[in-house]
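Please examine the following sequence and structure before reading on.

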Amino acid sequence: KKIMKSVINKTPNIERISQLLIAIVLYAFTLVLVFPSYMQKITIPPIGETVEESLILKRTIKYKNREETDKLINYSKANIRPIFDMPAEIKENTISKIGEVFSFMRNSYENSLSNDILIDDIYNEFSSNYNLSINKSVFSNAIISDIDLEYENKVKDTISDFLERGIISRRNLSPETIGLIQNNGIFVYKFHKSIVEEKIVPRNRVHFLEDLRMELGSIIGAKYREINIFNMNTLSSLINAFLVDNLIYNSDKTQAEIDKVSSTIAPIYTTIKAGYPILEKGERITEEKANLLRYILNDNNFASFNFSALIGQMFFILLLFISLGYIIFRFKISFYTNFKNYLLFCFEYIFIMTTAYICSNYISNKLIEEYLPFYIYTFIPMFAILNSLLGAKRGISSIVTICITVLAANMTQAGIFETFSLFIGSIVVSIISKRINNRNGVLL
């Protein structure tokens with residue numbers, strides 16, 4: 001009330017009323033320039049038709065790029081490590097079985113020496129008791145040479161080492177799962193009583209049962225160089241007989257990780273700036289292009305007039321106008337409160353907004369077949385120079401510049417970078433021009 005009373009006492013009411021009416025006209029003028037950007041209704045041409053005139057967006061749109069998002073999701077799914085369980089019981093049972101078999105061999109061999117039992121009879125009993133792929137020659141050599149060559153210890157050590165690292169069988173694994181293993185490695189849950197150990201096995205350290213069986217001879221040869229080829233073949237055959245896979249594929253946990261990717265990946269959004277032609281003149285409409293346009297435009301309310309955006313713009317622009325008016329009259333800036341200078345300010349505003357509108361709608365990407373940045377054709381730096389003539393504090397001048405910059409940027413739908421660049425340029429010009437003392441100095 002004190003501010004309004006002070007203003008009324010110092011200025012004739014007719015001037016204040018005139019300034020208010022002019023501000024209302026400027027507000028309506030701004031809405032007229034802004035509304036076309038939000039009132040564009042686009043009809044997608046039929047498939048097969050040739051575009052006779054470029055279709056240019058009047059407002060910036062942002063849409064979810066499903067194709068790129070799907071690519072990212074598929075890429076992330078392709079980098080999932082399959083999950084396997086490693087129960088300790090498999091290793092314990094296998095080592096126990098090795099000890100049991102060799103104990104049978106020793107007892108049977110000692111019994112054969114005292115009771116004159118043939119090796120063939122012992123092997124037949126062995127075959128009926130144990131389901132192991134060990135032929136008679138290997139069995140005979142093992143039963144006779146075990147004490148000297150310590151086959152049992154060598155078999156246990158080798159099998160224990162393999163099972164400690166983990167062995168996978170390709171049996172019951174899909175080609176897709178095998179591909180993931182070979183590309184990414186695996187994730188292992190190692191269970192031992194109440195303890196669960198988690199570890200990642202790189203792809204070059206994953207051992208497949210089928211590959212180990214083929215490479216077993218060279219592995220044993222490199223590990224036990226002191227034994228001859230005959231005994232080495234016997235040892236390899238014994239190890240091969242006890243070799244089992246101890247990594248169990250957990251399909252439920254793996255699928256849960258794959259399904260989780262879709263919900264955790266943030267969608268990729270593509271922005272198409274206002275003034276960009278989404279259809280070029282002479283372009284032929286394909287079914288793929290029509291579907292893409294239908295998705296983009298419908299997602300951004302181009303199929304009908306966007307009245308909710310219009311209402312939002314009305315309130316947004318009104319808020320900026322109120323902010324400008326409050327700053328001008330709250331801080332008693334004489335350049336604006338003086339009626340003649342107020343009119344000059346209004347003409348400057350109209351000139352800036354009209355220039356920005358014409359350049360963004362009729363020159364950028366049209367008369368000139370390139371996109372012109374917002375800060376090139378908007379002359380707010382000139383406005384900032386005139387601000388410096390007010391004798392106002394730099395902070396007040398900067399706030400006024402911000403409001404005008406946002407109003408012009410909102411109309412042309414300029415990006416944050418362009419708007420910020422223009423504002424910084426305006427402030428710099430305003431600071432540089434602080435020595436200008438009269439209006440003619442702006443022109444020099």
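This is a predicted model: local features need pLDDT of at least 70, side-chain atom pairs count only at pLDDT 80 or more; totals for chains, interfaces and linings use all residues.

Helices H4 and H7 are roughly antiparallel to each other, because an angle over 145 degrees between helix directions counts as roughly antiparallel and their axes cross at roughly 170°. The axes of H4 and H7 come within 10 Å, and the crossing in which H4 passes H7 is right-handed.

The residues that form this contact can be named on both sides. From H4 come Lys-91, Thr-94, Ile-95, Ile-98, Gly-99, Phe-102 and Arg-106, and these meet Tyr-151, Glu-152, Val-155, Lys-156, Ile-159, Ser-160, Leu-163 and Glu-164 of H7. Sorted by class, the contact of H4 with H7 has 7 nonpolar, 3 polar and 5 charged residues.

Helix H4, which spans residues 88–115, also packs with helix H5, which spans residues 119–129. Here the angle is about 150° and the axes are 10 Å apart; H4 and H5 are therefore roughly antiparallel to each other. H4 passes H5 in a right-handed crossing. In this contact, Val-101, Phe-104, Ser-108, Tyr-109 and Ser-112 of H4 meet Ile-119, Ile-122, Glu-125, Phe-126 and Asn-129 of H5. By class, the contact of H4 with H5 has 6 nonpolar, 3 polar and 1 charged residues.

Attention now turns to helix H9, residues 209–223, which has a kink of about 60° centred on Glu-215. Which residues of H9 are buried? They are Leu-209, Leu-212, Leu-216, Ile-220 and Gly-221. The elements that cover these buried residues include helix H7 (151–165), strand E4 (167–168), strand E7 (207–208) and helix H10 (229–242).

Ile-22 is located in helix H2, residues 13–38. Ile-22 and Tyr-342 are separated by 320 residues in sequence, yet their C-alpha atoms are 9.6 Å apart in space. Leaving aside residues up to four places away in sequence, Ile-22 touches Phe-339, Tyr-342, Leu-343 and Cys-346.

The chain as a whole may now be considered. It contains 20 helices and 10 strands, and 43% of its 444 residues are buried. Of the contacts in the chain with a separation of 6 or more, 80% are between residues 24 or more positions apart. The pair Ile-22 and Tyr-342, in contact and 320 residues apart in sequence, illustrates such a contact.

Terms used: Residues are numbered from 1 along each chain as its sequence is written. Side-chain values use heavy atoms; hydrogens and water are left out. Axes are lines fitted to C-alpha atoms, for helices over the stretch in contact, and angles run from 0 to 180 degrees between N-to-C directions. Helices (H or I, at least four residues) and strands (E, at least two) are DSSP runs, numbered from the N terminus. Angles under 35 degrees count as roughly parallel, over 145 as roughly antiparallel, 65 to 115 as roughly perpendicular and the rest as oblique. A crossing is left-handed if the near helix is turned anticlockwise from the far one by less than a right angle, and right-handed if clockwise. Contact means heavy atoms within 4.5 Å. Ala, Val, Leu, Ile, Met, Phe, Trp, Tyr, Cys and Pro count as nonpolar, Asp, Glu, Lys and Arg as charged, and the others, Gly among them, as polar. The bend at a residue is the angle between axes fitted to the seven residues ending there and the seven starting there. Buried means under 20% relative accessible area, exposed over 50%, partly exposed in between (1.4 Å probe, protein chains only).
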